[in-house]
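Hi everyone, thanks for making time today.

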Amino acid sequence: MKRMKPVKFVKEPGYTYDLFMPFLLHFNRSYVIKNLTNTQEDVEHWDRIALEFGSFSEELMPFFRIRDDHRMYMSKCCFENYQAHFLTDYSLDTVQKALRDHDAVIAEMIRFFFTDLTEEQVEECRHSLVSLGRVVRSSKYSDDLKSSLYSFFLEPDPVIERLSAELSEKEQILAQLYKRRQKEIDQIKETLKAEELLDTLETFRGKTSDGSAFDEIYVTTCIVHKSLIRTNLYDHRILLSLGTRYEQTLKELQHYHDAPPLDVFGNAIAEPNRLQILDLMLRKGEITIRDIEQELKLTGTNAYYHLTLMSNAKIICSRSRGRTVYYSINPSTFRAAADMLGKYMNLTKKVANFETQAT
């Protein structure tokens, strides 16, 4: 029998990642609702988080506003840049220490929002409000973000100090929330099969992997970003960041992974006989080739041709009982197709994807 490696549960970096999420929600609510929710329950969860953490200083917008490429200053400069420390000494103290270097924060803020600038231009902007103002003014950012950037660069020190203080204030709220939700974290510790989860995640990338290849498996949990699934690789070690709702996210990922491309789906249903077969399945639940022959007056060969094409497109399922094969609609494919088509009506709710970072 395969011997499962022990899983080491660690507080960080999940805890600090969770700390950033209420800020992100406040400054990017529409983004969160569109990209991090799939059900009304998810929306209600974020409403509760907003109520729990209260108000935020609007002057902190540059630190938490999401760019068009889905990046945020705090996640990039105070989280992703410290991946090498996730298994050692990363914590809120790490973030606070970085924020004490105001000159570095200002330079990183310029680099983050104005990615086309050379290092020479970044230095010029650091020492010239006229040059920096010109860059902000010519950018394509929204007027409210431009105004917030102007204010920050005009007097950065009090804004950075306000951010540091507010992180500490909200961390106290987060600590209490973690105490109340400890049972959810304990449930993950009791039920998680880490190696099986890693194998499943690899199949979503079209790869074959053995979760046992890692010498050490670390898991950090999140209760605010409860749909999170994220992996960080460190040679023969791996860190899994899991939200308390990760199992539902896994089902949604499987749902999307199993769905055919839209062109394949469209071709499978774009034929009158196949639509009639689907309607017959809808009425009867399960059907056989004989049902199709009798009710739709198709030959057995013709019926088999259509069923094979529909099976290959994953829009129908089949099961055998003796020599008889029963066919039925595969609802997951239609749900995935509906979600994919929803983007053309601006209704798409993106599934919380998992990310892999190598360090």
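Let me start with a question: how far apart are the end C-alpha atoms of helix 7, and what span should its 12 residues have? Please keep in mind as we go that this is a predicted model. Helix 7 covers residues 102-113, and at 1.5 Å a residue it should span 16 Å. The end C-alpha atoms are 17 Å apart, which agrees.

Staying with helix 7, which of its residues are buried? They are His-102, Val-105, Ile-106, Ala-107, Met-109, Ile-110, Phe-112 and Phe-113.

Now to charges. Side chains of opposite charge can pair when their charged atoms come close. In this model the count comes to 17 salt bridges, and I'd like to show you a few.

Next, have a look at Arg-67 and Asp-69, which form a salt bridge at 2.7 Å, N to O. Here Arg-67 is buried, with a relative accessible area of 12%, whereas Asp-69 is partly exposed at 40%.

Let's move on to helix 11, which runs over residues 156-180. Arg-162 and Glu-166 both lie in this helix, four residues apart, or about one turn. Their side chains meet in a salt bridge of 3.0 Å, N to O. Arg-162 counts as partly exposed at 25% relative accessibility, but Glu-166 is buried, at 3%.

Salt bridges can also be linked up, as you can see with Glu-108, Arg-111 and Glu-119, which are joined in a network.

One last stop, on the surface. Which residues gather there in a patch of negative charge? They are Asp-101, Asp-103, Glu-155, Asp-157 and Glu-161. Asp-157 brings us back to helix 11, where this residue is found. With a relative accessible area of 38%, Asp-157 is partly exposed.

Key. Residues are numbered from 1 along each chain as its sequence is written. This is a predicted model: local features need pLDDT of at least 70, side-chain atom pairs count only at pLDDT 80 or more; totals for chains, interfaces and linings use all residues. Side-chain values use heavy atoms; hydrogens and water are left out. Patches are made of residues with over 30% relative accessible area and no salt bridge: like charges are joined within 9 Å, nonpolar side chains (Val, Leu, Ile, Met, Phe, Trp, Tyr) within 5 Å. Accessible areas come from the Shrake-Rupley method with a 1.4 Å probe; for residues, only the protein chains shown count as cover. A salt bridge is a side-chain nitrogen of Lys or Arg within 4 Å of a carboxyl oxygen of Asp or Glu. Lys and Arg count as positive and Asp and Glu as negative; His and the chain ends are not counted. The place of a charge is taken as NZ of Lys, CZ of Arg, CG of Asp or CD of Glu. Helices (H or I, at least four residues) and strands (E, at least two) are DSSP runs, numbered from the N terminus. Buried means under 20% relative accessible area, exposed over 50%, partly exposed in between (1.4 Å probe, protein chains only). The expected span of a helix is 1.5 Å times one less than its number of residues.
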